[in-house]
Amino acid sequence: MAKVVGFEMSSQDPQKAAAFYSNVFGWEVAEPKWDYWAVTTGQAKKHGIDGGISKGPSDYPHGTRIQLEVESIDDAIKKGARQRSNDCSQENGI
């Protein structure tokens with residue numbers, strides 16, 4: 001089973017976004033490095049999924065990406081391609 005191991009959020013004002021999530025959710029936000037604010041969402045007794053906030057590109061300014069850990073990237077890609085093929089066949093009545 002794939003496990004979510006991290007996330008990255010984009011914002012046109014990452015400093016403001018970092019302050020928002022820190023104030024609202026209690027996330028720990030590190031000092032920025034290369035316009036990237038590392039985020040810790042849990043504690044030793046109550047784990048969370050860590051990630052970061054960065055400035056998004058002007059043509060896609062907002063969004064969230066997640067990172068998954070899988071046993072085999074090749075197997076995951078093959079399964080995804082097979083599933084997409086099945087979905088397309090069903091959409092076209094094949």
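Because the model is predicted, local features need pLDDT of at least 70 and side-chain atom pairs count only at pLDDT 80 or more, while totals for chains, interfaces and linings use all residues. Residues are numbered from 1 along each chain as its sequence is written, and side-chain values use heavy atoms, with hydrogens and water left out.

In soluble globular proteins, nonpolar side chains tend to be buried together. The largest nonpolar core consists of eight residues, namely F7, M9, A17, A18, W27, W37, V39 and I53. A nonpolar core is here a set of buried Ala, Val, Leu, Ile, Met, Phe, Trp, Tyr and Cys residues joined through side-chain atoms within 4.5 Å; buried means under 20% relative accessible area, exposed over 50%, and partly exposed in between (1.4 Å probe, protein chains only). At least two residues of this core come from each of β1 (3-11), α1 (14-25) and β3 (36-40). These elements are DSSP runs numbered from the N terminus, with helices (H or I) of at least four residues and strands (E) of at least two.

Five aromatic pairs are present in the structure. Rings of Phe, Tyr and Trp (its six-membered ring) pair if their centres lie within 6.5 Å; planes under 30 degrees apart count as stacked, over 60 as edge-to-face and the rest as tilted. The pair formed by F20 and Y21 is edge-to-face, with 5.1 Å centre to centre and 85° between the planes. F20 is partly exposed, its relative accessible area being 45%. One aromatic cluster unites F7, F20, Y21, F25 and W27; F7 and W27 also belong to the largest nonpolar core.

The loop between β2 (28-29) and β3 contains W34, and D35 lies in this loop as well. Phi of W34 is positive, near 55°, in a residue other than glycine. D35, likewise not a glycine, has a positive phi of about 60°. W34 is exposed at 81% relative accessibility, and D35 is exposed with a relative accessible area of 55%. D35 is among the contacts of S54, which also include M9, S10, S11, P14, Y36 and R65 when neighbours within four places in sequence are left aside. S54 is found in strand β4 (residues 51-55) and is buried, with a relative accessible area of 13%.

The largest pocket has a volume of about 170 Å³. On a 1 Å grid over the protein atoms alone, a pocket is an open set of points where a 1.4 Å probe fits, with protein on both sides within 12 Å along at least five of seven lines; lining residues have an atom within 4 Å of a point. Grid points are joined across faces, edges and corners, and the volume is the space filled by probe spheres set on the points. The lining comprises M1, A2, K3, E69, V70, E71, S72, D75, A76 and K79. Helix α2 (residues 73-91) supplies the largest share, three residues. Of the lining residues, four are nonpolar (Ala, Val, Leu, Ile, Met, Phe, Trp, Tyr, Cys and Pro), five charged (Asp, Glu, Lys and Arg) and one polar (the others, Gly among them). K3 is found in strand β1 and counts as partly exposed at 47% relative accessibility. Not counting residues up to four places away in sequence, K3 touches Q67, L68 and E69. The C-alpha atoms of K3 and K79 are separated by 16 Å, the two residues being 76 residues apart along the chain.

Terms used
Contact means heavy atoms within 4.5 Å.
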